[in-house]
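Please report on the model shown here.

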Amino acid sequence: MCQTLAQKLPDGFAIRRANCMAGCERPTTVGFQAEGKAQYLFGDILSDQDMDALVEFASQFRDSEDGWTNATQRPSALFDKTLARLPRFAQEDGL
């Protein structure tokens, strides 16, 4: 599944495998993160439709200023697969 997703993702994305993303009950789990943007975690990625939705979301995420999207803005196939959305962290002065 990772190889298929890697081939479909737009430029600028890297796939890293992780042993645990706390989505044990909803595998396969996929996360999105970028500096200065909200982070997302999706689970139960099982079908080609799910993969296509992740690719669509990747473009949406890349093109957004802060990564923040509402559930209605994300591809509908991901609506019940969103496990978490974490706000972006502002870099503190001096850190």
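Thr69 sits in the loop between α2 (48-63) and β3 (82-86). Helices (H or I, at least four residues) and strands (E, at least two) are DSSP runs, numbered from the N terminus. Thr69 is buried, at a relative accessible area of 4%. Buried means under 20% relative accessible area, with a 1.4 Å probe and protein chains only. Setting aside neighbours within four places in sequence, Thr69 touches Tyr40, Phe57, Gln60, Arg74 and Arg85. Contact means heavy atoms within 4.5 Å.

This is a predicted model: local features need pLDDT of at least 70, side-chain atom pairs count only at pLDDT 80 or more, and totals for chains, interfaces and linings use all residues. Residues are numbered from 1 along each chain as its sequence is written, and side-chain values use heavy atoms, leaving out hydrogens and water.

The protein has two helices and three strands. Their order along the sequence is α-β-β-α-β. The C-alpha atoms fill a box of roughly 45 × 25 × 25 Å along the principal axes.

| Property of the protein | Value |
|---|---|
| Buried share of the 95 residues | 32% |
| Share of contacts between residues at least 6 apart in sequence that join residues at least 24 apart | 56% |
| Carbon and sulfur share of the accessible surface of about 6,700 Å² | 47% |

Accessible areas come from the Shrake-Rupley method with a 1.4 Å probe.

Charges come next. The protein carries 10 positive and 14 negative side chains, and the centres of the two sets lie 2 Å apart. Lys and Arg count as positive, Asp and Glu as negative; His and the chain ends are not counted. Each charge is placed at NZ of Lys, CZ of Arg, CG of Asp or CD of Glu.

Technical notes
Buried means under 20% relative accessible area, exposed over 50%, partly exposed in between (1.4 Å probe, protein chains only).
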